[in-house]
Structures are given as C-alpha cells and as structure tokens.
Amino acid sequence: MDNNPVWSEQMPAVQFRVARPTHQIEKIKQFYHEGLGLPVIGSFQQHQGYDGVMFGLPDSSYHLEFTQHEHGVPVPPPSEDNLLVFYIPDADKRNAVAQRLQAMGYPAVKAENPYWDVNGITICDPDGWRIVLQNTSGL
C-alpha cells in the first residue's frame with residue numbers, strides 16, 4: 001500500500017475532518033489532548049454561539065473537530081460498534097496511552113465486536129463514544 005496516498009481526480013480534496021458535537025468540551029479536550037496525546041491544531045470560542053477544538057491526526061490534513069453550542073444539550077452516543085480506531089504498532093506505547101487514560105478515569109471496556117479485543121483496547125470518551133487503541137499497523 002502506498003504510504004503517500006493521492007486523492008483521486010474524482011475527489012480532489014486537500015483535507016479531511018471528522019466533526020462531532022459535544023456538551024462537555026473541556027472534558028473532551030482533556031481526554032483527546034492529555035489522555036491520547038493528540039496535538040491541538042486549532043480552536044475557537046463564541047463563533048456564532050459555538051466553541052470548538054481541532055486535534056491533528058497527526059497533522060492538519062486529517063483531524064477531529066469537536067464543537068459545543070452555548071445552548072447545547074447532551075448528545076447521545078452512537079452504538080457500541082461506532083468507533084474511532086487508532087493504530088499503534090508499538091505495544092508499549094499503546095499500553096502507556098491506555099494506562100494514562102485509565103488513571104484519568106477512563107478504563108477499558110469490552111468491545112461489541114470481539115475482533116477489537118484481540119489486539120485492541122476499547123475505551124469510552126467523556127461522551128460515551130468509543131475509541132480503540134489497536135496494536136497493529138492497519139490494513
């Protein structure tokens with residue numbers, strides 16, 4: 001597989017963002033920045049009633065954005081098999097991230113799909129969305 005993928009002519013995008021609402025943005029910042037170690041690549045406050053933060057994956061070409069509206073209500077989590085999967089080939093580094101999150105109050109949970117329990121550690125973020133710290137290199 002090519003490590004430097006090029007977007008096709010049919011999809012000439014230059015950036016990819018996954019955006020999601022939250023009602024507890026400070027806990028989300030702590031979980032994804034301090035817990036997972038993702039770099040904060042941008043943030044905003046009171047933009048048409050929204051606050052937000054963006055985390056690089058690993059840079060600004062691919063990133064996660066979380067937004068919170070000033071009048072927002074709790075956001076229900078998706079199913080237990082709706083996941084963000086982080087591939088971490090180094091088991092010691094993966095375990096260090098999981099231990100850091102555990103110390104912050106985010107323990108591992110059993111995955112709905114047993115595949116993710118073989119080489120992965122599944123953890124719920126503050127909103128109940130699940131991430132997997134997968135100890136493989138991907139595809």
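Two strands count as paired here if DSSP finds at least two bridges between them. Keep that in mind as you click through this predicted model.

**Stop 1: the sheet with S1 to S4**

Start by selecting strands S1, S2, S3 and S4. They make an open sheet of four strands, in the order S1-S4-S3-S2, and the pairing is mixed. Now pick out the edges: strand S1 (16-21) and strand S2 (40-47) each pair on one side only. Neighbouring strands of this sheet are turned by 15° against each other on average, ignoring direction.

S3 covers residues 50-56, runs antiparallel to S2 and is joined to S2 by five bridges.

**Stop 2**

Most residues other than glycine have a negative phi. Gln 48 goes the positive way although it is not a glycine.

Is Gln 48 buried or exposed? Gln 48 has a relative accessible area of 69%, so Gln 48 is exposed. Its place is in the loop between S2 and S3.

Now step back to Gln 46, whose place is in strand S2. Gln 46 has a positive phi as well, near 50°, and is likewise a residue other than glycine.

**Stop 3: His 63**

Select His 63, which you'll find in strand S4. Why does His 63 count as buried? Its relative accessibility is 3%, and buried means under 20%, so His 63 falls on the buried side of that cut-off.

Show what surrounds His 63. Leaving out residues up to four places away in sequence, His 63 touches Gln 15, Phe 16, Arg 17, Val 18, Ile 41, Met 54, Phe 55, Gly 56 and Leu 57.

**Stop 4: a cis peptide bond**

Leu 57, one of the residues that His 63 touches, leads you to the next stop. Select Leu 57 together with Pro 58: a cis peptide bond joins them, with omega at about -5°. Most peptide bonds are trans. Pro 58 itself is found in the loop between S3 and S4.

**Stop 5**

H1 lies across S1, S2, S3 and strand S4 (62-69), running at about 5° to S3.

Zoom in on Glu 26, whose place is in helix H1 (residues 25-35). Glu 26 has 54% relative accessibility, so Glu 26 counts as exposed. Which residue does the Glu 26 side chain join in a polar contact of 3.3 Å? The partner is Lys 29, through its side chain.

**Stop 6**

Head over to S5, S6, S7 and S8. Here four strands form an open sheet in the order S5-S8-S7-S6, with mixed pairing. The edges are strand S5 (83-87) and strand S6 (108-109), each pairing on one side only.

Select strand S7 (residues 120-124) and strand S8 (residues 130-134). These two run antiparallel and are joined by five bridges. As a landmark, click Cys 124, which stands opposite Arg 130 in S8.

H2 lies across S6, S7 and S8, and runs at about 25° to S7.

**Stop 7: a pocket**

Finish with a surface view. Rolling a probe the size of a water molecule over the atoms shows where empty space is left. The second largest pocket holds about 190 Å³ of space.

Definitions and conventions: Residues are numbered from 1 along each chain as its sequence is written. This is a predicted model: local features need pLDDT of at least 70, side-chain atom pairs count only at pLDDT 80 or more; totals for chains, interfaces and linings use all residues. Side-chain values use heavy atoms; hydrogens and water are left out. Buried means under 20% relative accessible area, exposed over 50%, partly exposed in between (1.4 Å probe, protein chains only). A polar contact is a pair of N or O atoms within 3.5 Å; within protein, one must be able to donate a hydrogen and the other to accept it, and residues adjacent in sequence count only if both atoms are side-chain atoms. Contact means heavy atoms within 4.5 Å. Axes are lines fitted to C-alpha atoms, for helices over the stretch in contact, and angles run from 0 to 180 degrees between N-to-C directions. On a 1 Å grid over the protein atoms alone, a cavity is a set of points where a 1.4 Å probe fits but cannot get out, and a pocket is an open set with protein on both sides within 12 Å along at least five of seven lines; lining residues have an atom within 4 Å of a point. Grid points are joined across faces, edges and corners, and a volume is the space filled by probe spheres set on the points.
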